[in-house]
Amino acid sequence: MVSVSKFREELKNILIEPNTTTITSIKKIVHENNHFNLSDADRRSILDQVLRCYVLDIVLSKPSNLYDVCKMWTSFTIELVRNEMCTAIMPVVILSDMFDVTTMDVCEKMFDHVESNVNVLKEPQFFMACKNNLLRMCNDLLRRLSRSRNTVFCGRILLFLAKFFPFSERSGLNIVSEFNLENVTEYLNENDFDQTEYISDLIPEDEAKSDIVIEKVNVDKNLYLKFWSLQDYFRNPNQCYKTEHWKLFISHTDFIFSIFQSHKLEHVNRMDNESTEQNIHYFPKYLTNQKLLELQLSDVNFRRYILIQFLLLFQYLDAPVKFKLDNFKIKPEQQEWIKNSIATIYELINNTPPDGVRFSEVVKNILQREEQWNKWKNDGCPEVTKRLPASDQSDMPAPKRRLRRNLGDVIKNMTANNKVFLGDPDLTKLWNLKPDNLEACKGPERDFLPSFDSFFQEAFEQLDPELCIENQYKKVNDGNFGWRALRLLARKSPHFFAQSNNPIHKLSEYLENMIKKTMSKEKISINQGSDKHVSPNKEFKKESVIESEEVDISEGIQDENENENNIEVEDKNKIPKQIIDKVAAAIGDKWNILAEKLGYQPDEIEFVKTIKTTPLDQATYLLEVWVEDAENPKPENLIYILEEIQLIEAANILKS
């Protein structure tokens with residue numbers, strides 16, 4: 001312990017003014033003190049601790065040149081990492097400590113040094129170790145900032161993260177195209193609206209005395225409620241796919257367009273001192289006071305905000321989004337109305353000063369890039385590769401061309417060997433696996449369905465009254481077993497499509513009847529081939545045999561020995577049963593939220609509630625069905641959805 005303390009004190013004494021000489025001194029101390037019996041990891045850990053404590057003391061003393069201190073110590077720790085003398089996360093840890101104990105104004109200045117080192121932090125030596133700490137540091141800064149008053153600083157942080165992380169980083173992508181439904185615009189309802197106008201009180205005194213005349217809009221209750229109610233459609237565009245909401249949206253939109261068209265804005269040149277003040281931008285959330293709407297409708301930026309919101313909404317309604325529901329489609333007459341509305345919006349933007357036409361072209365360019373972004377997400381966010389410039393490509397050596405065999409000789413050689421040449425090596429290999437491809441497709445190894453005997457054997461034995469098995473423990477009452485049984489019966493049993501006048505009220509009763517018919521008939525065919533008879537003491541089997549004498553389904557049942565070679569191989573990417581049980585326990589009564597995220601309809605969710613009583617069983621059944629039927633049931637896909645709905649515990653179980 002004494003040696004470690006001595007080592008720590010010696011390190012602290014040489015950190016008075018960090019430079020290249022300091023690094024040399026640290027190396028000298030490490031080599032001279034090998035008798036400490038410390039490993040390299042221990043020495044790095046001690047140096048990390050000394051650095052953090054020393055720098056924190058300096059920052060807390062509030063020096064006047066704090067920006068220079070930040071730059072000096074960050075550069076110094078980067079050099080220490082490159083010399084393998086401290087851990088790779090130390091540059092970010094030092095920065096995070098500085099940001100935690102300084103004001104936001106100072107943090108904004110120090111963040112310049114973070115932006116200037118983005119290429120250094122992206123190096124392999126730093127990236128994997130620092131990315132989580134750096135993301136945590138930026139999120140801590142964003143939590144302390146006001147999105148309305150510190151908008152520029154928030155934007156700088158987000159742009160830095162976009163430069164630092166790869167373009168296809170899934171944590172920065174809205175993969176499932178969700179909307180921020182928590183972004184609610186609050187405004188007065190019909191009962192709280194005050195018809196008394198106080199708009200003159202809001203006009204500045206110096207502006208009232210000037211020669212500038214603002215053409216006011218008569219804001220009444222009808223205009224106020226229709227205008228602000230549109231924000232709910234911008235927040236959640238999927239409402240427009242419902243007929244009643246669509247009609248209301250059209251009515252409100254046409255009304256607002258008519259107000260904009262009748263109230264044209266004129267460009268007013270401000271004085272130089274006023275233009276200087278306008279450079280300080282303030283981005284508040286919409287202020288919905290009834291007394292402000294009259295001024296807002298006369299504001300150029302406010303009108304442009306609203307019109308761009310309409311364009312974004314119209315683009316989404318007609319865009320092919322991968323995670324849209326199948327019924328989220330617009331009709332031809334709706335498309336025609338949207339087309340006319342877009343033309344009206346661009347006309348309003350062109351007529352809105354200043355530089356309306358130029359601003360309109362910028363908006364079109366942004367929406368075009370949004371279409372490309374949407375297409376990239378629909379394609380599964382593939383990795384983006386950087387193209388080499390034409391000059392670099394010209395300098396690259398041309399690839400050597402292989403000598404190709406004459407096509408006629410290749411076909412002649414393949415024909416002589418009774419094979420087919422299709423031009424592509426993989427297709428040619430696949431096509432020539434067997435001489436008769438149709439028979440190869442019918443081969444027993446291509447049949448992955450289980451036989452009746454292997455699948456229904458346990459359920460058939462449980463129907464025996466002598467076993468005295470309670471109904472709740474029978475497999476026919478298991479919803480998962482029932483779903484698989486129906487699929488198997490539809491493929492292999494003629495009884496599944498037989499007409500009957502006797503309605504079946506429960507799935508378990510139906511399965512009992514079908515199992516008795518199919519399994520009893522199979523037992524007879526097997527026993528007749530081996531000169532055996534059905535046991536006479538089981539009366540329910542006799543009745544089942546009599547009912548099924550007229551139907552011969554033995555041709556549709558595979559031999560048991562043949563079936564053993566055709567058991568379906570479980571996909572390695574599927575989630576194991578024991579993990580499903582743990583995840584289901586963590587989900588609990590929130591399984592219905594997960595079901596909606598996975599795309600299940602309300603009637604399907606109600607069906608799960610009818611066949612399973614407890615939330616644990618319902619969650620387990622939901623996960624088992626998803627793993628069975630999903631196109632890509634990988635754990636990472638389920639982890640992303642669980643994190644999106646804040647089921648972190650369940651997601652961590654899958655990660656571990």
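# A helical chain, from surface to core

Leu-427 has a relative accessibility of 45%, so this residue counts as partly exposed. Keep in mind as you look around that the model is predicted. The chain has 656 residues, of which 36% are buried. Its secondary structure consists of 33 helices and 0 strands.

**Around Leu-427**

- Leu-427 sits in helix α21, which covers residues 425-431.
- Together with Val-420, Leu-422, Leu-430, Trp-431 and Leu-433, Leu-427 makes a nonpolar surface patch of about 590 Å².
- For the chain as a whole, the accessible surface comes to about 42,200 Å², and carbon and sulfur atoms account for 51% of that.

**Nonpolar cores**

- The largest nonpolar core holds 51 residues, and Leu-51, Trp-73, Phe-99 and Phe-160 are the ones with the most contacts inside it.
- Turning to contacts in the chain between residues at least 6 apart in sequence, 73% of them join residues at least 24 apart.

**Aromatic pairs**

- Across the whole structure, a search turns up 31 aromatic pairs.
- One of them joins Tyr-233 and Phe-249: the ring centres are 5.2 Å apart and the planes stand at 55°, so this pair is tilted.
- Tyr-233 belongs to helix α12 (residues 221-235) and Phe-249 to helix α13 (residues 243-262), so to speak two distant parts of the chain, 16 residues apart, linked by the pair.
- Both Tyr-233 and Phe-249 are buried.
- Tyr-286 and Phe-302 make a pair that is edge-to-face, because their planes are at 75°, with ring centres 5.6 Å apart.
- This pair also links distant parts of the chain, 16 residues apart: Tyr-286 is in the loop between α14 (272-278) and α15 (293-296), while Phe-302 is in helix α16 (residues 300-317).
- Tyr-286 counts as partly exposed at 23% relative accessibility, whereas Phe-302, at 7%, counts as buried.

**Salt bridges**

- The whole structure contains 10 salt bridges.
- Within helix α4, Glu-79 and Arg-82 are 3 residues apart, which means that about one helical turn separates them.
- Their side chains meet in a salt bridge with an N to O distance of 3.7 Å.
- Glu-79 is partly exposed, with a relative accessible area of 35%, and Arg-82 is partly exposed as well, at 36% relative accessibility.
- Arg-156 and Glu-115 form a salt bridge in which the closest N and O atoms are 2.9 Å apart.
- Because Arg-156 lies in helix α9 and Glu-115 in helix α6, this pair ties together parts that are 41 residues apart in sequence.
- Arg-156 is buried, as its relative accessible area is 18%, whereas Glu-115 has 28% and is partly exposed.
- Lys-612 pairs with Asp-478 in a salt bridge, and here the closest N and O atoms are 3.2 Å apart.
- The partners come from distant parts of the chain, 134 residues apart: Lys-612 from the loop between α30 (602-611) and α31 (615-629), Asp-478 from the loop between α23 (452-462) and α24 (479-492).
- Lys-612 counts as buried at 15% relative accessibility, and Asp-478 counts as partly exposed at 27%.
- Salt bridges with shared partners also connect Glu-79, Arg-82 and Glu-123 into one network.

How values were computed
Residues numbered from 1 in each chain as written. Predicted model: local features only at pLDDT ≥ 70, side-chain atom pairs only at ≥ 80, totals over all residues. Heavy atoms only, no water. Patch = residues over 30% accessible without salt bridge, like charges linked within 9 Å, V, L, I, M, F, W, Y side chains within 5 Å. Areas by Shrake-Rupley, 256 points an atom, 1.4 Å probe, with all protein chains shown as cover. Salt bridge = Lys/Arg side-chain N within 4 Å of Asp/Glu carboxyl O. Helix = DSSP H or I, 4+ residues; strand = E, 2+ residues; numbered from the N terminus. Buried < 20%, exposed > 50% of the residue type's maximum accessible area, 1.4 Å probe, protein only. Core = buried A, V, L, I, M, F, W, Y, C linked by side-chain atoms within 4.5 Å. Contact = heavy atoms within 4.5 Å. Phe/Tyr/Trp six-rings, centres within 6.5 Å; stacked < 30°, edge-to-face > 60°.
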